[in-house]
Amino acid sequence: MEITALKWSAPSRPFKKLNKKYYSTIGILVLAACLVFLAAGQFALIAVLFAVLFANYVLANVEPGIIHHEINDRGISYDGTIYLWDDLKSFGFKHKDGYTLLLVNTKAMFPGQLTLILQQIDLEEVKQVLITHLPFEERLSNPTFFEKISHRFSTMLALDK
């Protein structure tokens with residue numbers, strides 16, 4: 001018999017609606033890149049660029065579905081898939097686009113990290129439950145070197161402002 005410590009529902013991924021300025025800026029950049037690739041005869045790169053552009057458009061316009069999370073005595077249930085405590089390494093928290101994210105590192109190569117959105121649930125309550133099973137890593141909430149560089153470039157480009 002499983003003993004459920006916490007249960008909540010939240011979107012499957014962080015979602016931020018992008019404005020028309022973002023799409024026009026991206027369109028100009030993609031058009032310029034396509035012209036360079038066309039002149040170089042790199043048709044495969046043009047196809048890849050359009051595929052990435054399409055995926056970006058879909059992810060930015062299709063709102064994520066609601067999934068259910070549960071923390072119990074066996075492990076963490078992510079939308080019905082149970083990850084046992086023995087398969088998990090550590091956890092931490094991160095704030096992104098107005099969401100509070102619970103990041104759980106796994107021992108498996110895929111998925112290397114579970115990302116659960118904390119919505120309508122207390123962060124400290126989640127921390128108290130998880131700390132009995134997994135070590136807490138403060139560095140997960142601190143940006144890495146690549147995240148800092150990525151953030152700096154995104155603020156410099158300001159595609160959505």
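## Aromatic rings: worked exercises

Y23 has a relative accessible area of 25%, so this residue is partly exposed (buried is under 20%, exposed over 50% and partly exposed in between, with a 1.4 Å probe and protein chains only). The model is predicted, so local features need pLDDT of at least 70 and side-chain atom pairs pLDDT 80 or more, while totals for chains, interfaces and linings use all residues. Residues are numbered from 1 along each chain as its sequence is written, and side-chain values use heavy atoms, without hydrogens and water.

**Exercise 1.** Work out how the rings of Y23 and Y57 are arranged.

*Solution.* 
- Start with the search of the whole structure, which finds five aromatic pairs (ring centres of Phe, Tyr or the six-membered ring of Trp within 6.5 Å; planes under 30 degrees apart are stacked, over 60 edge-to-face, the rest tilted).
- The centres of Y23 and Y57 lie 5.8 Å apart with planes at 65°, so this pair is edge-to-face.
- Now place them: Y23 is in helix α1 (residues 20–39) and Y57 in helix α2 (residues 43–61), 34 residues apart. Helices here are DSSP runs of H or I with at least four residues, and strands are runs of E with at least two, numbered from the N terminus.
- Y57 has 45% relative accessibility, so it is partly exposed.

**Exercise 2.** Decide whether F91 and F93 are buried or exposed, and describe their pairing.

*Solution.* 
- F91 and F93 pair edge-to-face, at 5.8 Å centre to centre and 85° between the planes.
- F91 has 0% relative accessibility, so it is buried.
- F93, at 7%, is buried.
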